[in-house]
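Keep the sequence and the coordinates side by side. The text below walks from single residues to helix packing and then to the core.

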Amino acid sequence: MPGRTATPDEIALLVADVYESAGALRRLGERTARTEGLTQARWQVLSVVSDEPLTVPQAARRLGVTRQNVQRVANDLVEQGHAAYADNPDHRGSPVLTLTADGRDALGKVTERATERHRELFADVPDAEVAAARSLLRRLLTELDRQERAAGKR
């Protein structure tokens, strides 16, 4: 019924469902990444630097995680041969992380596999329902971001 306000119980159940879904999607992401010898964290870092080289702090900000976490993952990717550090013309002390050919290949394969799995997962879900769910989640994220900014100003 349009205009009806959700009850606290409905909202609590939705939040619980979002957490449960996030956990299940993380597990799916780990299984998908593993097919190319990656972890989900390595896949995310490869993805975030795939369009343009970034420093570790820049990548961490984009991913919403700590710099230390991205530094550890970036070092693993370099050791694995999927990424390399390059000189940063804007800051000598903070190199940028770039993908190697092997890294681009691994990222492409794991992204393709994820696309296939997503198609399978959502095969019976109408596009309109996916769009409505995305719209609701975007509204929720916008409000959460607004509240976090407001709390930071206090």
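Is Ala 84 buried, partly exposed or exposed? Its relative accessible area is 26%. Buried means under 20% and exposed means over 50%, so Ala 84 counts as partly exposed. Note that this is a predicted model, and every value here is computed from it.

Ala 84 is found in strand β2. Leaving out residues up to four places away in sequence, Ala 84 touches Val 78, Val 96, Leu 97, Thr 98 and Thr 100. Take Thr 98 from that list. Ala 84 and Thr 98 are 14 residues apart along the chain, yet their C-alpha atoms are separated by 5.4 Å.

Next comes the loop between β2 and β3, where Asn 88 has its place. Asn 88 has 12% relative accessibility, so it counts as buried. Beyond four places in sequence, Asn 88 touches Thr 55, Ser 94, Pro 95 and Val 96. Ala 123 is another matter: Asn 88 and Ala 123 are 35 residues apart in sequence and 44 Å apart in space, C-alpha to C-alpha.

Follow the contact from Asn 88 to Thr 55. Thr 55 lies in strand β1, residues 54-55. At 7% relative accessibility, Thr 55 counts as buried. Its contacts, neighbours within four places aside, are Asn 88, Ser 94, Pro 95 and Val 96.

Now turn to helix α3, residues 56-63, where Val 56, Ala 59 and Ala 60 are buried. Why do these buried residues line one face of the helix? Seen down the axis of α3, they fall within an arc of 100 degrees, so they share one face. The general rule behind such spacing is simple. An α-helix has 3.6 residues a turn, so residues three or four places apart point the same way. On α3, the face turned away from the buried side carries the exposed residues Arg 61 and Arg 62.

What covers the buried residues of α3? The cover includes α2 (40-48), β1, α4 (67-80) and β2 (83-86). Just after α3, Gly 64 takes a positive phi of about 75 degrees. Ala 12 and Gly 64 are 52 residues apart in sequence and 24 Å apart in space, C-alpha to C-alpha. Ala 12 is partly exposed, with a relative accessible area of 45%.

The crossing of α3 past α4 is right-handed. From α3 come Val 56, Pro 57, Ala 59, Ala 60 and Leu 63. They meet Arg 67, Val 70, Gln 71 and Ala 74 in α4. By type, the residues of this contact divide into seven nonpolar, one polar and one charged.

In soluble globular proteins, nonpolar side chains tend to be buried together. Here the largest nonpolar core has 22 residues. Leu 38, Trp 43, Val 49 and Leu 77 have the most contacts inside this core. The elements that give two or more residues to it are α2, α3, α4, β3 (96-99) and α5 (101-121). Not counting residues up to four places away in sequence, Leu 77 touches Leu 38, Arg 42, Val 45, Leu 46, His 82 and Ala 83.

Key: Residues numbered from 1 in each chain as written. Predicted model: local features only at pLDDT ≥ 70, side-chain atom pairs only at ≥ 80, totals over all residues. Heavy atoms only, no water. Helix = DSSP H or I, 4+ residues; strand = E, 2+ residues; numbered from the N terminus. Buried < 20%, exposed > 50% of the residue type's maximum accessible area, 1.4 Å probe, protein only. Contact = heavy atoms within 4.5 Å. Arc of directions from axis to C-beta. Left-handed = near helix turned anticlockwise from the far one by under 90°. Nonpolar A, V, L, I, M, F, W, Y, C, P; charged D, E, K, R; others polar. Core = buried A, V, L, I, M, F, W, Y, C linked by side-chain atoms within 4.5 Å.
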